[in-house]
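Visitor: I am new to this structure. Please take a close look at one part of it and tell me how that part is placed.

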Amino acid sequence: MIDVTLNTGAAMPQLGFGVWQVPDDDAYTAVKAALEAGYRSIDTARIYENEAGTGRALRDSQIPRDELFVTTKLWNSDQGFDETLRAFDASLERLGLDHVDLYLIHWPVPEQDKYVDSWKAMERLHAEGRAKAIGLSNFTEKTLGRLLASADVVPAVNQIELHPHLAQDRMRELGAEHGIATEAWSPLGQGKELLGEPVLTEIGAAHGKSPAQVVLRWHLQRGTIVIPKSVTPSRIKENIDVFDFELSDEEMGRIGTLDSGSRLGPDPDEMNWLG
Ligand SMILES: NC(=O)c1ccc[n+]([C@@H]2O[C@H](COP(=O)([O-])OP(=O)(O)OC[C@H]3O[C@@H](n4cnc5c(N)ncnc54)[C@H](OP(=O)(O)O)[C@@H]3O)[C@@H](O)[C@H]2O)c1
């Protein structure tokens, strides 16, 4: 497993495991299988309603806490200074942990306009050592610029929708300029049309790998953090079996041509849903 060094100095596994849309009981089983397969970084969120099952799997694994990397996220309706502090306590309680490795603002929610205050609370949680690193999710050039203008702590991570159909070169570049690591959500394009692209099948055949493995390798070679999700034991193993081959520059370039700028999720500048 390869690590990325965050701007806090902490090491974060470049490949982790996501649990969006996994019911709490299934999250227990999936996270257990992921840990057995070798994943050490797990990405959950308050809104996924599976922090409890995730936390139980982490604790039952008996893997030392300092070998695990746990991310959770502040939900939109919990934004605001005091609300953030309360929401964080509730997340820790559900996870059954005394700290997380990364706490993210899930969406900026521009209309609500509370992310600057929420960030102040995140900075406090970071100073207290209960959130070892703090970061953002779904921030765009506009919202990131505004946050940075008043931030004392530069976010460690921006987790954004990113896959070969939405390569996000501008946001990756901006992140690199500020020392913010880019993390891809829906790295496999949610297992939909993307994995049917003939170029991925062709490149995969040349390496004896699946389209999903080719896509994950593309992310890794671009330096992006990835958190593929699966509840299927064979895919959980398949998605971590990506460290024994390398894509050539030519292959990376061919995958690069798939970028059509098409999103699976909402445009974060327009996303104001409070849940
Ligand atoms: N910050 C945000 O706003 C945000 C938004 C979305 C997601 N996320 C995070 O990012 C994680 C990953 O994104 P995601 O869950 O949206 O999508 P994803 O990881 O791109 O794709 C998951 C889908 O692909 C299928 N799949 C997984 N491995 C496969 C393989 N090897 N071959 C074929 N199909 C495969 C899965 O099916 P099975 O499970 O049935 O195997 C599932 O339907 C989430 O779980 C969550 O932690 C964050």
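Guide: I2 lies in the segment before β1 (3-5); helices (H or I, at least four residues) and strands (E, at least two) are DSSP runs, numbered from the N terminus. The model is predicted, with local features needing pLDDT of at least 70 and side-chain atom pairs counting only at pLDDT 80 or more, while totals for chains, interfaces and linings use all residues. Residues are numbered from 1 along each chain as its sequence is written, and side-chain values use heavy atoms, with hydrogens and water left out.

I2 has a relative accessible area of 41% and is therefore partly exposed; buried means under 20%, exposed over 50%, and partly exposed in between, with a 1.4 Å probe and protein chains only.

Strand β9 (residues 181-185) is another matter to look at. Five of its five residues are buried, so β9 is largely enclosed by the rest of the structure.

Strand β8 (residues 157-161) runs parallel to β9 and is joined to it by five bridges; two strands pair if DSSP finds at least two bridges between them. In this pairing, Q159 is opposite E183. Strand β10 (residues 225-226) also pairs with β9 in the parallel sense, over two bridges, and there V226 is opposite A184.

Helix α6 (residues 169-178) belongs with β8 and β9 to a right-handed β-α-β unit. Right-handed means that, with the strands pointing away from the viewer, the path from the first strand over the helix to the second runs clockwise.
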